[in-house]
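Please look through the sequence and the model before reading on.

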Amino acid sequence: MKRRPPSRVELLQGTLDLLILRTLVFGPNHGHAIARRIQRTSEDLLQVETGSLYPALHRLEAQGWIAASWELSDRGKRARYYRLTARGRRQLEAARTKWDSFARAMGLVLRAADLEPS
Amino acid sequence: MSTLLNKLRWLARRRRKEVELRDELAFHLEQELEEGKAAGLTENEARLAARRDLGNLAVVEEDTRAAWGWMWIERLGQDVRYAARMARRKPGFSMAAILTLMLGIGANTAVFSLLDALLMRRLPVDRPVELVRLVEQGPDPAAYRDEFTIATHDALQRGSRSLSGVIATERLFTRPKEIEVSGEKRSIFLQLVSDNYFDVLGVHALRGRVFHQPESGTPGEPIAVLSEEYWRRHYAADLSALGARFRLRNREFTIAGIVPPGFRGVEIDVPVDIWVSIEQVVPPGSIDRTRGRWMRVMGRLQPGVTPARAEAESTAILRRPVKFEPGAIGYSSLRRRLSQPLLLVALVVALVLLIACANLANLMLAATASRERELAVRTAIGASRGRILRQLLTESLVLSAAGGLLGLGAAYWISAALLSFVPPDQATALPNLRFQLDARVLGFAALLACATCLLFGVVPALRATGRYGAADLRVGAGGGRRHRSWLSRGLLVGQVVMCTALLTVAGVFLRTLENLRGQDTGYREDRLLVADVEPPREYPEDRRDQLIEELRTRAAALPGVEIAAFSNLGQLSGHALEYRIGFPDRPRSEDADTAVIEQRISPGFLSAMGTPFIAGRDVAATDDARATPVAIVNESFARRFLPGRAPIGVRFFQERGSRSGELMEIVGVVKDSKWVNLRDDSPAMYYRPYRQQAGSPVVRFAIRTSGAPDLVAGELLRAAQAVDRRIALRDVVPFRDIVNRTLVVERLITHVSTAFGLLALLIAVVGLYGVLAHGIVRRGREIGLRIAVGAPPGAVEWMVLRESLALLACGVAIGLPVAIVVTRFVSSMLFGLSPQDPASIGAALAVLTVATIAAAYLPARRAARIDPIRALREE
């Protein structure tokens, strides 16, 4: 049985693409490792469902933001490795800027409530 | 573009990608397994955990494939293949579905193509929407005219600023004209048109040149322009036709050009073979330019000018109120006559298609209900609701697409059947009305196929996918579904409603036809042959009359002929000569309408027609130009002018005409007879001896035969040849055919509504039978139980029958008001009965009831014979 962290966060709609692109900045990797990496980096707060991971990878590939090739994994097995393309890098920048301003806006609004005299 | 190529490449590498995806997911599972084992799980536990974590493998694969894009094509292909397989597995259902759709879509497409040709298809000219037709419309609807003098055209052409051009085209009748080609007569549809005709319409020569408006002062050339079709037919598309000469009204013309295929002038009813400029035939200053309205006048609006402005301007120029109607669809007298009947026919065939859809929806409901298990399994292994919905809809689409394709073929035949009602005197219009497989017709058929697919496919598919979960796997095929049965009953009621309307319409038109035929027409149409006889026109009049009399004598001597006679005009021919009459002993009054129809007859004509004498005598051979002028009058004449007097011996005269003032003595009275058509009352008429009036270029022979009239037709033709080879005989037909021509609309609607009404009934009966039979199977256990606790077979039969009779009653209760609305809408086409005719409605109800009982009988009997033991054991 998988140990589920007590306070898991649901992925927001559409953010998985951004997470995948970001993760691939550190170099090519296969699907399983990408999922693990997201999980670890988020201190187990984010759990990537396999059911949405592979469709997302293939969608990004069809859009030309990532490219795939078969490589040998560190354990010597054939695995499908994804790497970021130039277009993917630009997309990542754009998406990250958008996310930052979104997060800032969310923060402003949510914190503004605290300053309000009650 | 690059993404398109990309996707195409994806598609091409699809098979490899499938394998790759499977490998990729396998690798993922393996990684999980390793992790699990590293965390201290046993091999088996780790494997299970990995699978659980991945979830439904098929769904993951499916979702991933969806990311590849363009999957829908793949899926469509899959679905179509699967649907075709399903269709083959139920050949009876599929055949019935495709057949009814074929007939439904075919009939609708055929009617659409006819309506399109008559009401919508634009002339193949330059910017047709700018064209307008000049009409004159008084306050009285009957005062509508669209024929004008040449002078009207000339005035508008000179004076109008809002029209960029005005053309005049001769009003054509359905008889061809004669031209002389190197000494030989040839019949041809020739049209006189203004010399700017081709320029204004924007029609250019395909070969050679067309005529144009000459520079002012210079005479135009005597040239003619051929249609491509005529060129192909008579000159085998040989360019030597250019330069060929022919004579028309003693003038020589040269064929100078050929117009592109498809252009046959602006008259839909009469495709033109050859065009000649009016200026060449009717010179300026000729009396024919101001006398006689024999021209259509069409204009082309200047860009940005509204028809209203052009109307105001033209009204000012002509100094009388005129109007412009849209000219893009040209002229057609058939349009005026057939539009309303064709719209009714369109309604009839649309109802039939709706009934077919309702019926199919019902059968589909039953079919998907028996597939519950299959659908539940597919849901359980990961098919989404949308996916199954799409699959079911594709199955409907395969059926309707097959029905639509075959329907195009059926439309060809149905259109031919509909066109067979076009009377022979309008047959020239047929090439323009014939079924053509063009983009519009194809589009319409495709649209119908899609619409029917949605109509009969969506609801069953939604129902079938609505409540499926894994739980349904446990439910057998007999799971109760109250909703479904309400829906299917509703559909049956809907079919009964539409059938009631269709059968009632068929009923009132059958009765209309019967009433028209059953009335006293004033002649006997059985054993009566008629023929239009035309002696050569170049003979002098007395020679022509001599030939006619000779032919009459020969015809009378033919075996099987009882009486042979002739008159100047024919009953129901659509023509009449009217004269105002006066009586010497009465003051002349200007206001009184004293116009009466005159017919000039040979002795025996009235007897040949079967018009009975009430008093007096027939005209005799001795009533010739030297004898006292005599006349026979009909009852209406006597009632109108001589009420309360004995008509025999009274004298009257024509106020105008070549023999005005000459006194005629009434020597006989006959019964009234129909003149224009079978609907209108018989007009007041008088008959004169043919030899006491001016002759006629064409006469109508009436030959009463002792046997079948068509047997004499050949003999008559040979007799005419023997008298003079150049006598022309036309329309040698039993008089019954002439009568039928006046009933074209009534016969068309009666035939169509009867045929399609019965087809609709058949569809509904099959549908009812199907639903009942399916219901019996579903309720086998319940019925078995009833029998087991002692229900007699009669009670079970009655239970099934009662259910279908209740449906019938519901349908009829809604259907009757609907039917009456429809028959009210067509009340102007009925004759001798009210739109709520009890006999027609009663007949429709009787037919429906019998059909319902017939459809319910077999299922009811089967229900009564259910073996309770077996039925109860089954589950």
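## Basis of the model

This is a predicted model, in which local features need pLDDT of at least 70 and side-chain atom pairs count only at pLDDT 80 or more, while totals for chains, interfaces and linings use all residues. Residues are numbered from 1 along each chain as its sequence is written, and chains are lettered from A and ligands numbered from 1 in the order in which they are written.

## Layout of chain A

Chain A has four helices and three strands; helices (H or I, at least four residues) and strands (E, at least two) are DSSP runs, numbered from the N terminus. Starting at the N terminus, the order of elements is α-β-α-α-β-β-α.

Of the 118 residues in chain A, 26% are buried. A residue is buried if 20 or more other C-beta atoms, placed from the backbone, lie within 10 Å of its own.

## The strands of chain A

Strand E3(A) pairs with strand E2 (residues 66–72) of chain A through seven bridges, in the antiparallel sense. Strands count as paired if DSSP finds at least two bridges between them. In this pair, Ile66(A) is opposite Leu84(A) of E3(A). E2(A) and E3(A) form a hairpin with five residues between them, and Gly76(A) in the turn has a positive phi of about 85°.

Strand E1 (residues 29–30) of chain A is also antiparallel to E3(A), with two bridges joining them. Here His30(A) faces Tyr81(A) of E3(A). E3(A) is mostly covered, with five of its seven residues buried.

## Where chain A meets chain B

In total, 15 residues of chain A are in contact with 20 residues of chain B; contact means that C-beta atoms, placed from the backbone, lie within 7 Å. On the chain A side, helix H2 (31–41), helix H3 (50–63) and strand E3 (78–84) each supply at least two residues. H3(A) gives the most, with seven residues.

## A helix pair in chain B

Helix H2 (residues 14–38) and helix H3 (residues 43–54) of chain B have axes that come within 8 Å and cross at roughly 135°. Axes are lines fitted to C-alpha atoms, for helices over the stretch in contact, and angles run from 0 to 180 degrees between N-to-C directions. H2(B) and H3(B) are therefore oblique to each other: angles under 35 degrees count as roughly parallel, over 145 as roughly antiparallel, 65 to 115 as roughly perpendicular and the rest as oblique.

Methods: Contact = placed C-beta atoms within 7 Å. Buried ≥ 20, exposed ≤ 12 C-beta atoms within 10 Å, placed from the backbone.
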